[in-house]
Amino acid sequence: MKSEDVPFVGGPLDGRVLPVLLGVTGHPPKTYRVPVPDAGGGPPTVLVYRREVAGTTRRLGLPRGWKYVHDPEGGPARGLRWPWSRPRG
């Protein structure tokens with residue numbers, strides 16, 4: 001599998017560059033979840049990072065690279081939404 005070095009911005013991983021596995025399309029995943037173990041033996045805290053475009057090309061505006069930005073709220077991951085699905089209630 002291919003991997004790409006992706007910088008992390010904000011949160012505890014600020015300034016680090018970690019290798020992230022690429023998907024079938026050649027892009028890293030949209031969300032990156034990092035479980036951090038609790039010192040007291042409780043349930044681990046999960047840090048959530050969202051993928052953003054790091055830069056674009058001049059002429060066509062294509063994404064040049066990716067970065068992960070810390071999401072302090074870290075909501076649940078959105079699944080696939082099909083057009084014929086009922087709205088969530």
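Modeller: Gladly. Let's begin with a strand pair: strand S1 (residues 3-9) and S2 pair in the antiparallel sense over five bridges. Strands here are DSSP runs of E with at least two residues, and helices are runs of H or I with at least four, numbered from the N terminus. Two strands pair if DSSP finds at least two bridges between them. As an example, Asp5 has Pro19 in S2 as its bridge partner.

Colleague: What should I know about the model itself?

Modeller: This is a predicted model, where local features need pLDDT of at least 70 and side-chain atom pairs count only at pLDDT 80 or more, while totals for chains, interfaces and linings use all residues. Residues are numbered from 1 along each chain as its sequence is written, and side-chain values use heavy atoms, leaving out hydrogens and water.

Colleague: What is the strand order of the open sheet?

Modeller: The five strands are ordered S2-S1-S5-S4-S3, with mixed pairing. Strand S2 (17-21) and strand S3 (31-36) are the edge strands, each pairing on one side only. The protein chain has zero helices and five strands.

Colleague: Which residues make up the largest nonpolar core?

Modeller: A nonpolar core is a set of buried Ala, Val, Leu, Ile, Met, Phe, Trp, Tyr and Cys residues joined through side-chain atoms within 4.5 Å. Buried means under 20% relative accessible area, exposed over 50%, and partly exposed in between, with a 1.4 Å probe and protein chains only. Here the largest core has eight residues: Val6, Phe8, Leu13, Val20, Val34, Leu47, Tyr49 and Tyr68. S1 and strand S4 (45-56) each supply at least two residues of this core.

Colleague: Is Asp71 buried or exposed?

Modeller: Asp71 counts as buried because its relative accessible area is 19%. Asp71 sits in the segment after strand S5 (63-70). Its side chain makes a polar contact of 3.0 Å with that of Arg50. A polar contact is a pair of N or O atoms within 3.5 Å; within protein, one must be able to donate a hydrogen and the other to accept it, and residues adjacent in sequence count only if both atoms are side-chain atoms.

Colleague: And is Pro83 buried or exposed?

Modeller: Pro83 counts as exposed, because its relative accessibility is 74%. Pro83 also lies in the segment after S5. From C-alpha to C-alpha, Pro83 and Lys2 are 32 Å apart in space, and they are 81 residues apart in sequence.
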